[in-house]
Amino acid sequence: MASLSTSAAPLSLLVIFYMTTALFMSSHVVTARYHHHGHRGHHNKKQHKHNSHISYPPSISPEPSDSPVDIGFYDVRSFGAQGDGIADDTEAFKAAWDAACQVESAVIHVPVGYSFMIQSTIFTGPCQNGLVFQLEGSIMPPDGPESWPSNNSKRQWLVFYRVNELSLQGGGVIDGRGEEWWNLPCKPHKGPNGSTLPGPCDSPIAIRFFMSSNLTVKGIKMKNSPQFNFRFDNCKNVHIESLHITAPTWSPNTDGIHIEQTSNVEIYDSLISNGDDCVSIGAGCYDVDIRNLTCGPGGHGISIGSLGNHNSRACVSNITVRDSVIKGSDNGVRIKTWQGGYGALSGVSFLNIHMDNVRNPIIIDQFYCLSKDCSNHTSAVSVSDIEYSSIKGTYDIRSPPMHFACSDTIPCTNITLSDVELLPAQGDLVLDPFCWNAYGGQETLIIPPIFCLLEGNPPAVFARNDLGYCS
């Protein structure tokens, strides 16, 4: 028996060796499937990890619920998340974030078939590069203002702060559970004739990225956000692709994507149907490319602005919107500025856009105001070098197809139109375009013809170079 046991020992060691090797290779195969990052033109600098100022890792690592955590792969269930749509899974998500944040090319996995309820949370960097938030299941906030903890911010739900090279991706769903927020008495549609009633009015932005860079948001489905769906503040190098954003047409302030002080932005191949702007571009944005966007039905179209609110400075340049469809919206492609602001908007191109029963297909409004008692100001954000090319389709006859209302003191300059064809959605009445203090011209025959644009350059009395404010 001793000789048999001795001869079997090498065989046992060989079996253990093969089993260990197989497990090692299997874990690497599972992990590698999620390590994909595409940031065209993004220049990444490796950052060193500091402890989060918002979510702290637990002093004792929680026991995994199902299986050990693979290196670089962090299933939120392994940190205690229940995913039943009722239990508070906030701490589990924070713990998963803190663990993954310290590992390069880590994946936080939110599995399909589960619904996770998360309180208002800030996920803080810096993190190691290449972090992936892989959303395959569903996440949601507490259901309405009454369920929102009093000590939590009601202005934002999930915030990603100071993160470089983060991808939020997957085929999962973000359910904003916004209806009770929309029905607060202060919301415009709740009062008579669109008026508002007194009461608390803060509503959370669903997903906010703040002071972050080299970001990808891809494939996510978002529904019923309480307020803005996605907001990017002070970010750079942002790639957004294949989003599906929906909310009722009457839902107030549910902008699909809002960017502010953000540069080098790509928004591609997405569908947004909501109650406000599909995309809104605020002050401090430049180098923005929007392509193959379906906007509507409902909402307010694609907007640059509003700019210059509260007499503020606004600098926006190099914006392109192309190859897109806008349908059943209050506006098509819109520029809106407040009186009293200063700065400059320049270098904007709207190219190959189809309008389907849109109320204001082409509009520049430098008298934007949310009430009837806005005072007149001589200062304004200057608007120049605006191109409209191959804008075709139908418009709602309640408004003219083209509306250029420029400042009394700072005219719009170098507005050019070519290959524009806008016909009434109903009837045969073709309304004349409207112009006020707008300089430009048409490069081809357009429908309806526009004769109200002023030719040449403004007189010296209007001479003012607001580009100096933006250098």
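This is a predicted model: local features need pLDDT of at least 70, side-chain atom pairs count only at pLDDT 80 or more; totals for chains, interfaces and linings use all residues.
1. A disulfide would require the two sulfur atoms to be within 2.5 Å. C235 is likewise in no disulfide, the sulfur of C285 being the nearest cysteine sulfur to it. C285 is buried, with a relative accessible area of 0%. C235 is also buried, at 3%.

2. Disulfide count. The 2.5 Å rule gives a count of seven disulfides. Three of them are discussed in the next points: C369 with C374, C406 with C412, and C435 with C452.

3. C369 and C374. The sulfur atoms of this disulfide are 1.7 Å apart. The torsion about the S-S bond is about 80 degrees, so the link is right-handed. C369 is partly exposed at 25% relative accessibility, and C374 is partly exposed at 37%.

4. Surroundings of C374. C374 sits in the loop between β25 (360-365) and β26 (382-395). Leaving aside residues up to four places away in sequence, C374 touches W338 and C369. The C-alpha atom of C374 is 8.5 Å from that of Q339, although 35 residues separate the two along the chain.

5. C406 and C412. Here the S to S distance is 2.0 Å. The torsion about the S-S bond is about -105 degrees, so this disulfide is left-handed. C406 has 0% relative accessibility and counts as buried; C412 is buried as well, also at 0%.

6. C435 and C452. A disulfide joins C435 to C452, with the sulfur atoms 1.9 Å apart. The link is right-handed, with 45 degrees about the S-S bond. The pair connects distant parts of the chain: C435 belongs to strand β30 (residues 434-436), C452 lies in the segment after β31 (438-442), and the two are 17 residues apart. C435 is buried at 14% relative accessibility, whereas C452 is partly exposed at 29%.

7. β5 pairs with strand β8 (residues 156-161) in the parallel sense, over four bridges. Within this pairing, I122 stands opposite V159 in β8.

8. Strand β6 and its neighbours. Strand β3 (residues 107-110) is joined to β6 by four bridges, and the two run parallel; H109 stands opposite Q134 in β6. Four bridges also join β6 to strand β9 (residues 164-169), again in parallel. In that pairing V132 stands opposite S167 in β9.

9. Burial of β6. Five of the five residues of β6 (residues 131-135) are buried, so the strand is largely enclosed by the rest of the structure. Side chains in a regular strand alternate between the two faces of the sheet. Both faces of β6 are covered: L131, F133 and L135 are buried on one side, and V132 and Q134 are buried on the other.

10. Nonpolar core. The largest nonpolar core has 98 residues. The residues with the most contacts inside this core are I207, F209, F230, F232, F350, Y388 and F404. The core draws at least three residues from each of domain 1 (82-144 + 154-190 + 201-269) and domain 2 (277-369 + 376-459).

11. F232 in the core. F232 is one of the residues with the most contacts inside the core. Not counting residues up to four places away in sequence, F232 touches F209, L215, V217, V238, I240, I257, H258, I259, E260 and T262. One of these partners, F209, is itself in the list of residues with the most contacts inside the core.

Definitions and conventions
Residues are numbered from 1 along each chain as its sequence is written. Side-chain values use heavy atoms; hydrogens and water are left out. Buried means under 20% relative accessible area, exposed over 50%, partly exposed in between (1.4 Å probe, protein chains only). Two strands pair if DSSP finds at least two bridges between them. A nonpolar core is a set of buried Ala, Val, Leu, Ile, Met, Phe, Trp, Tyr and Cys residues joined through side-chain atoms within 4.5 Å. Domain bounds come from an automatic or database domain assignment. Contact means heavy atoms within 4.5 Å.
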